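Colleague: Hi! Could you walk me through this one, slowly please?
Modeller: Happy to, let's look at it together.

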Amino acid sequence: MTRQTDLAFAAELDAHDPLAHFRERFVIADPNLIYMDGNSLGRLPRSTVTLAEDLVQHQWGERLIRNWNEGWFTAPERVGAKIARLIGAEHDEVIVADSTSVNLFKLVVAALRFQHGRSCIVTDNLNFPSDLYVLQGAIDLLDKQHQLVVLSSPDGIYGPVAEIHNRLDSQAALLTLSHTVYKSGYIYDMPAITAAAHEAGALMLWDLSHSVGSVPVDLHAAQVDLAVGCSYKYLNGGPGAPSFLYIRRDLQDVLRNPIAGWMGQRELFDFELKYQPTKGLRHFLTGTYPVISLSLIESGVELLLEAGLDNLRAKSQRQSEYLIDLWEEFLKPLSFTLNTPRETERRGSHVSLGHFEGLRIDQALIHASDHSYIVIDGEFDSQLTSPSSY
Ligand SMILES: Cc1ncc(COP(=O)(O)O)c(C=O)c1O
């Protein structure tokens, strides 16, 4: 296959890009900055700036406490219902509040208690470290009755699929994995892995942080039990924006939130002293959520719904292919490795490159605009390679 890596080819892709006009919908403070870090913090949508102004000036400034009944109280479900459309869930199966780690903790403990008599949690070493810390914390909380099985990827890129199938047995309570792996961008086959978990009688919990808003996900088609995901990456929710949790409808009233709080209480303004969880997903809320940050997620999600996940995926695949072709031509000869699957369908929307001098190269790129570091004819200039510079 011939590879096209010149600028004219990129310009041609741009000219035929049906999503190009969405660029205007984001704040681009520096048009020369090529921002490739959406997998850590998505850009700021212009509509979010307008919404922030309204939330602070009008809703908070003018409406004061009245605004709790004018949108704030229902914000976790309202924003959740929109996120649900991005991940193939029903409108009442997704709710927003708390960090991804806290939501994961709630679901893990609830799932382990529900799976009483089964003693094993299966995961992999490609999972995000916080997820593994949460699992260890849950095991401690439940008096160390569970064993954590962390299966190793064969190469740090692909998931240990065969080992997962082998390890799922009658003791497996929960299988939990990142759908798109944060480092390598590898995507698990959600329907096949979920089916394997169910066959063994385990519950399946996916971390969708690197999938939501970047790759099409269909939780219902795969019959997924539980999921969490963050909103500050591809949903463009803003730094520290709260995350979402998903519980399949038929599990919502049988699972119990281990961090009970008044936001999940039935008739909370009766101020009853005995905890009685409200019906449905809302009892997985705990305390008062960050209303402004949570509400600001909505405009980013609306942009994604307008663009269409399939269109976005098609564009992301074209861009990633182009980037990988550029790597092959310019970076591979300089000892950069491609730490991402080559097969399009097994790759999320980020591409991971490696180099034994990766840290110094990163620092140089970050500070390039401050110090005018340049790349000439495929070779880094002398300042970059000088250890004393970094
Ligand atoms: C895959 C994944 N899971 C969990 C987390 C932790 O998220 P939080 O800081 O919202 O708890 C992150 C953070 O980047 C992540 O990438």
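Modeller: One term to start: a nonpolar core is a set of buried Ala, Val, Leu, Ile, Met, Phe, Trp, Tyr and Cys residues joined through side-chain atoms within 4.5 Å. Buried means under 20% relative accessible area, exposed means over 50%, and partly exposed is in between, using a 1.4 Å probe and protein chains only. This is a predicted model, so local features need pLDDT of at least 70 and side-chain atom pairs count only at pLDDT 80 or more, while totals for chains, interfaces and linings use all residues. Residues are numbered from 1 along each chain as its sequence is written, and side-chain values use heavy atoms, leaving out hydrogens and water.

Colleague: Got it. How many residues does the largest nonpolar core have?
Modeller: The largest nonpolar core has 85 residues. Among those with the most contacts inside it are Ile-83, Trp-206 and Leu-208.

Colleague: And which helix gives the most to this core?
Modeller: Helix α4, residues 100-114, contributes eight residues, the most to this core. Helices here are DSSP runs of H or I with at least four residues, strands are runs of E with at least two, and both are numbered from the N terminus.

Colleague: What does Leu-208 touch?
Modeller: Leaving aside residues up to four places away in sequence, its contacts include Ile-87, His-179, Met-190 and Phe-244. Contact means heavy atoms within 4.5 Å.

Colleague: New topic: how many aromatic pairs are there?
Modeller: The structure holds ten. Rings of Phe, Tyr and Trp (its six-membered ring) pair if their centres lie within 6.5 Å; planes under 30 degrees apart are stacked, over 60 edge-to-face, and the rest tilted. Phe-9 and Tyr-322 make a tilted pair, 5.7 Å centre to centre with 55 degrees between the planes. This pair links distant parts of the chain, with Phe-9 in helix α1 and Tyr-322 in helix α9, 313 residues apart.

Colleague: Are Phe-9 and Tyr-322 buried or exposed?
Modeller: Phe-9 is buried, and Tyr-322 is buried too.

Colleague: How far is the side chain of Asp-131 from a nitrogen atom of the ligand?
Modeller: That nitrogen atom is 3.3 Å from an N or O atom in the Asp-131 side chain. An oxygen atom of the ligand is 3.0 Å from an N or O atom in the side chain of His-210.

How values were computed: A polar contact is a pair of N or O atoms within 3.5 Å; within protein, one must be able to donate a hydrogen and the other to accept it, and residues adjacent in sequence count only if both atoms are side-chain atoms.
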